[in-house]
Amino acid sequence: MTALLEPVVSVRGDEPAVVDARGATSWRALDARVTRLVHALRSRGLTSGDRIVAMLGNQSEIVELSVACAHGGWVLVPLNWHWVAREIAYVIDDAGAAAVVVDERWAEVMGEALSRADGAGLRARLLVGDSALDGFAGFDAYEALLASGVEDPITDAEKGGPMFYTSGTTGDPKGVRSALTTVGGPPEMFALMAHSFGPIIDITPIGPHTPPGDTASVQLVCGPLYHSAQWVFAMFALYCGATIVLQHKFDAAGLLDLVDEHGVTNLHLVPTQ
């Protein structure tokens with residue numbers, strides 16, 4: 001099991017960890033997929049400190065990648081999916097990306113960006129979704145790569161984390177490094193940060209000592225996870241043992257439906273929402 005998910009898997013293994021527009025992923029399944037992903041990316045040559053650029057919506061894969069980077073010692077660079085090819089190409093080169101992961105919705109603009117970028121250090125180009133790969137030369141299927149990974153324990157886990165880029169309104173986007181981004185040390189550092197943050201977002205961490213039958217929190221995130229605040233409210237809640245419900249794009253009526261459907265207890269909203 002992964003260091004960050006094991007305490008929750010032991011209590012809530014078959015309950016939902018992540019819910020997106022396509023369905024639910026259990027804690028046990030999420031843990032297995034993250035483990036496979038770490039091994040699969042290592043088999044592609046990714047090493048400590050490498051950057052993974054991801055153009056994904058509010059979907060389960062961005063959560064998987066976040067947890068994988070937290071154990072593989074990699075820096076996740078989430079991209080604004082409104083960006084055009086020129087902006088994406090700039091970040092790929094500026095970050096020195098070793099891997100690119102893109103959802104099929106933005107495969108075309110990512111393909112154009114890769115044709116513009118130098119991309120000398122790229123060792124993996126992964127496409128998420130059911131689209132045929134024929135039209136996207138050079139991409140591999142994310143699910144195929146994940147399936148190639150083994151579920152052996154990650155015995156040498158190393159903390160990685162996210163690096164968010166500014167919007168670039170006063171020039172080129174800039175990567176912002178923080179304590180979250182720091183590579184090195186045990187992944188459990190994220191648990192320490194998340195559990196310290198838990199009282200602020202009204203979520204009580206779940207672990208092996210949680211009494212049986214305790215109701216877990218359900219956190220809904222409807223802002224894009226390429227923003228740091230939404231990422232923290234999603235991932236720190238997850239590391240506290242809360243189920244994460246993801247809405248790709250804010251819609252008030254749809255949000256209320258999700259609250260009813262999944263018994264949402266916690267929300268992250270900006271004032272206009």
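**Close-up views of a predicted model**

**View 1. Contact of helices H7 and H8.** In H7, Phe-190, Met-193, Ala-194, His-195 and Phe-197 meet Trp-231, Val-232, Phe-233, Phe-236 and Tyr-239 of H8 (contact: heavy atoms within 4.5 Å). The residues of this contact comprise nine nonpolar, one polar and no charged; Ala, Val, Leu, Ile, Met, Phe, Trp, Tyr, Cys and Pro count as nonpolar, Asp, Glu, Lys and Arg as charged, and the others, Gly among them, as polar. The model is predicted: local features need pLDDT of at least 70 and side-chain atom pairs count only at pLDDT 80 or more, while totals for chains, interfaces and linings use all residues. Residues are numbered from 1 along each chain as its sequence is written, and side-chain values use heavy atoms, with hydrogens and water left out.

**View 2. Axes of H7 and H8.** The axes of H7 (residues 188-197) and H8 (residues 228-239) come within 8 Å and cross at roughly 100 degrees. The two helices are therefore roughly perpendicular to each other (65 to 115 degrees; under 35 is roughly parallel, over 145 roughly antiparallel, the rest oblique). Axes are lines fitted to C-alpha atoms, for helices over the stretch in contact, with angles from 0 to 180 degrees between N-to-C directions. Helices (H or I, at least four residues) and strands (E, at least two) are DSSP runs numbered from the N terminus.

View 3. His-268 belongs to strand S13 (residues 266-268). With a relative accessible area of 11%, His-268 is buried (under 20%; exposed is over 50%, partly exposed in between; 1.4 Å probe, protein chains only). Beyond its neighbours within four places in sequence, His-268 contacts Gln-219, Leu-220, Cys-222, Ala-229, Gln-230, Phe-233 and Gln-273.

**View 4. Nonpolar cores.** Ile-52, Trp-231, Leu-238 and Tyr-239 touch the most other members of the largest nonpolar core, which has 59 residues. Such a core is a set of buried Ala, Val, Leu, Ile, Met, Phe, Trp, Tyr and Cys residues joined through side-chain atoms within 4.5 Å. H8 supplies the largest share of this core, nine residues. Apart from neighbours within four places in sequence, Leu-238 is in contact with Leu-5, Ala-17, Val-18, Trp-27, Leu-30, Val-63, Val-67 and Ile-244. A second, separate core of 28 residues includes Met-55, Val-75, Met-110 and Ala-113.

**View 5. Cysteines without a disulfide.** The whole structure contains zero disulfides (pairs of cysteine sulfur atoms within 2.5 Å). For Cys-69, the nearest cysteine sulfur is that of Cys-240, 20 Å away; Cys-69 is buried at 1% relative accessible area. Cys-222 is also in no disulfide, with the sulfur of Cys-240 nearest at 19 Å, and is buried at 2%.
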